[in-house]
Amino acid sequence: MAEHTFVPLDFERLTEEQMIARAQSFREELARRRSVRHFSDEPVPREVLEECVCAAGSAPSGAHKQPWTFIVITDAQVQRSIREAAEEEERRNYGGRMNDEWLRDLAPLGTDASKPFLEIAPALIVMTRHAWEEKDGERRQNYYTQESVGIAAGFLLAALHHAGLATLTHTPSPMGFLQRILGRPAHEKPFLLIPVGYPVEGCEVPDLERKALEEILVWA
Ligand code: IYR
């Protein structure tokens, strides 16, 4: 394969004060992001979703293969089908597929098999991961696809939050039904389902505590 041409890096060198100020304000902004399970049905601007998907698509990936697709669903019928299929799986999860420890860990969050947000949220974004893909009739491998798509998901959640939208990272499992309902090709494996929208009026979230810096940071 031909080598890339190399171009000057577009890098902005900041002063220490600027770096600290920006790091703090970004931390504070991200700290305000919460997983939302109660959405209003108010539509969201298409252009905002496009900008945020573009931001997510700028994530680094193994060998720059960009092994992801973002499927934005705003069709009520498709959302209904997804809700029905997801709830069927979740009834099995809550009814015995998740063990007692898992159910005890979830109890404080108050989740159950009912997923109305899949129909109410104005948009669902399904991220798929390509473990491989076809090029010129040949099967080509991708690399570190879990890591790559995970990083892109982080970019997407941060971008949507920054743009003023609420999100939930939802992983109905198994997610094979998404491939069937969305008619995606075999090499695209559903990775994450992200309902997007505005929180419903009066929306409440659990009063969670985050680990302190000393608990998560080790200088070595
Ligand atoms: N997928 C189920 C269960 C669930 C699992 C975890 I781990 C969570 O953090 C939250 C929920 C559901 O969506 O209800």
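Predicted model: local features only at pLDDT ≥ 70, side-chain atom pairs only at ≥ 80, totals over all residues.
Let's start at Gln 79, a residue of helix H3, which runs over residues 76–97.

**Gln 79 and its surroundings**
- Gln 79 has a relative accessibility of 3%, so it counts as buried, the cut-off being under 20%.
- Beyond its neighbours within four places in sequence, Gln 79 is in contact with Ile 73 and Thr 74, and also with Leu 118, Glu 119, Ala 121, Pro 122 and Leu 124.

**Helix H3**
- The buried residues of H3 are Gln 79, Ile 82, Ala 85, Ala 86, Glu 87, Glu 89, Glu 90 and Asn 93.
- At the start of H3, Asp 75 places a side-chain oxygen within 2.9 Å of the backbone nitrogen of Gln 77.
- H3 has 22 residues, and at 1.5 Å a residue it should span 32 Å; the C-alpha atoms at its ends lie 29 Å apart, which agrees.

**Nonpolar cores**
- The largest nonpolar core has 23 residues, and those touching the most other members are Phe 70, Met 127, Leu 156, Leu 160, Ile 194 and Val 196.
- Two or more residues of this core come from each of helix H2 (46–56), E1, E2, helix H6 (145–162) and E6.
- With seven residues, H6 is the element that gives the most to this core.
- What does Phe 70 contact once its neighbours within four places in sequence are left aside? Phe 70 is in contact with Val 53, Ala 56, Gly 57, Ile 125, Val 126, Met 127, Ala 152 and Leu 156.

**Cysteines**
- How many disulfides does a search of the whole structure find? The search finds zero.
- Cys 54 is in no disulfide, and the nearest cysteine sulfur, that of Cys 52, is 9.8 Å away; a disulfide would need the two sulfur atoms within 2.5 Å.
- Cys 54 has a relative accessible area of 56%, so it is exposed, as that value is over 50%.
- Cys 203 is likewise in no disulfide, and for Cys 203 the nearest cysteine sulfur, that of Cys 52, is 19 Å away.
- With a relative accessible area of 25%, Cys 203 is partly exposed.

Note on methods. Residues numbered from 1 in each chain as written. Heavy atoms only, no water. Helix = DSSP H or I, 4+ residues; strand = E, 2+ residues; numbered from the N terminus. Buried < 20%, exposed > 50% of the residue type's maximum accessible area, 1.4 Å probe, protein only. Contact = heavy atoms within 4.5 Å. Expected span 1.5 Å × (residues − 1). Polar contact = N/O pair within 3.5 Å; in protein donor to acceptor, adjacent residues only side chain to side chain. Core = buried A, V, L, I, M, F, W, Y, C linked by side-chain atoms within 4.5 Å.
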